[in-house]
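Q: I'd like to learn how to read a metal site and a helix in a model like this one. Could you walk me through it?

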Amino acid sequence: MSGVKKIEHAVLEVTDIEEAVEFHTDVVGLVELDRQDDVVYLGCGLDENYDLGLIEGETGVEHFALRVTETELEEYATRLEDAGVDTERRSDEPGQRDGIRFALPSGTDMELVTVADSAYHHPVKPAADRTAATPRDLDHINLMSHNVDEDMAFLEEHLDFAVSDKIVGETGFTVQAWLRHGRFHHDVGLSNANDVVYSLHHLAFQMDSLDHMKSFCDRLASKGYRLELGPSRHNAGSNLFAYFWAPGGNRIELTAEMATVDPDAETGVREIDKESNTVSTWGGVVPTKEFLEEGS
Ligand SMILES: [Fe+2]
Ligand SMILES: [Fe+2]
């Protein structure tokens, strides 16, 4: 199990590629690193690795990736193959050395990758031109799944994820789970999808602080965009949050101060309490039905 590594990248489908690229570069401040095979590769600019790929299509997740070492890649490839999971060897994305792709039980494609640029980086020496409001990195992905329990078991059994917290519904099925591969509370979230077309609830970018989030939200507002929810602090993970819908049709979260979890900690089981606000520890922020049920 790795320490501080979070998810490496995600490729999202968007309804209008040029509009989405313009928003993510002009407003979010991401840097365009490459274009190939209809995918536009964008990064936060602190290293040479891409964080977000955009491809025109519908909406939701085309695939997402976790960064591993070469040794881990071979170990996981063997374990997945031994378990009868179809894996495909791939190294065709910019900055990527090697990788395997496979599908989660719910159908969403996931990768394990090794990258060329894995040295140490510092914000005062960025790899590319970026603004002060630009996110630091990708933080986590919250998928929507029509079978949270199966996806959760797959990530635990084959890829050494641990479940930090989960919410079990009245029927006994898990309706929300937060899983970690390293020390942070969650790298992958799984939300129950009422509609099977949804694959994504949100993709989260890492920010330094509430102040960094404020600068970003001021920029967002100055360009005519509004938040959907927040800013506030979550219960599960204790991370700060603010959500908005990006042009192209996917929900983005800004986050900071994600809790770390002891490797041996037991899974926290939370109950659904429709009377109280389970999203915010501060209160004063009420999630809409759209926030709770709609994805992309
Ligand atoms: Fe990838
Ligand atoms: Fe999140």
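Q: What should I know before I start?
A: This is a predicted model, in which local features need pLDDT of at least 70 and side-chain atom pairs count only at pLDDT 80 or more, while totals for chains, interfaces and linings use all residues. Residues are numbered from 1 along each chain as its sequence is written, chains are lettered from A and ligands numbered from 1 in the order in which they are written, and side-chain values use heavy atoms, with hydrogens and water left out.

Q: Which protein donors does the iron ion (ligand 1) have?
A: Donors are N, O and S atoms within 2.8 Å of the metal (3.2 Å for Na, K and Ca); water is not among the atoms, so sites may look incomplete. Here they are His9 (NE2), His63 (NE2), Glu93 (OE), Glu93 (OE) and Glu111 (OE), at 2.0 to 2.7 Å from the iron ion. Glutamate 93 sits in the loop between strand 6 (88-89) and strand 7 (96-103) and glutamate 111 in strand 8 (residues 109-115), so the pair ties together parts that are 18 residues apart in sequence. Strands (E, at least two residues) and helices (H or I, at least four) are DSSP runs, numbered from the N terminus.

Q: Is histidine 9 buried or exposed?
A: Buried means under 20% relative accessible area, exposed over 50%, and partly exposed in between (1.4 Å probe, protein chains only). Histidine 9 is buried, at 3%. Glutamate 93 is buried at 7%, and glutamate 111 is buried at 1%.

Q: What polar contacts does the side chain of histidine 9 make?
A: A polar contact is a pair of N or O atoms within 3.5 Å; within protein, one must be able to donate a hydrogen and the other to accept it, and residues adjacent in sequence count only if both atoms are side-chain atoms. The side chain of histidine 9 has one with the side chain of tyrosine 50 (3.1 Å) and another with that of glutamate 93 (3.1 Å).

Q: Which residues of helix 4 are buried?
A: In helix 4 (residues 210-222), they are His212, Met213, Phe216, Cys217 and Leu220. Seen down the helix axis, these buried residues fall within an arc of 135° (taken from the directions from the axis to the C-beta atoms), so they line one face of helix 4.

Q: What happens just after helix 4?
A: There, glycine 224 takes a positive phi of about 95°.

Terms used
The expected span of a helix is 1.5 Å times one less than its number of residues.
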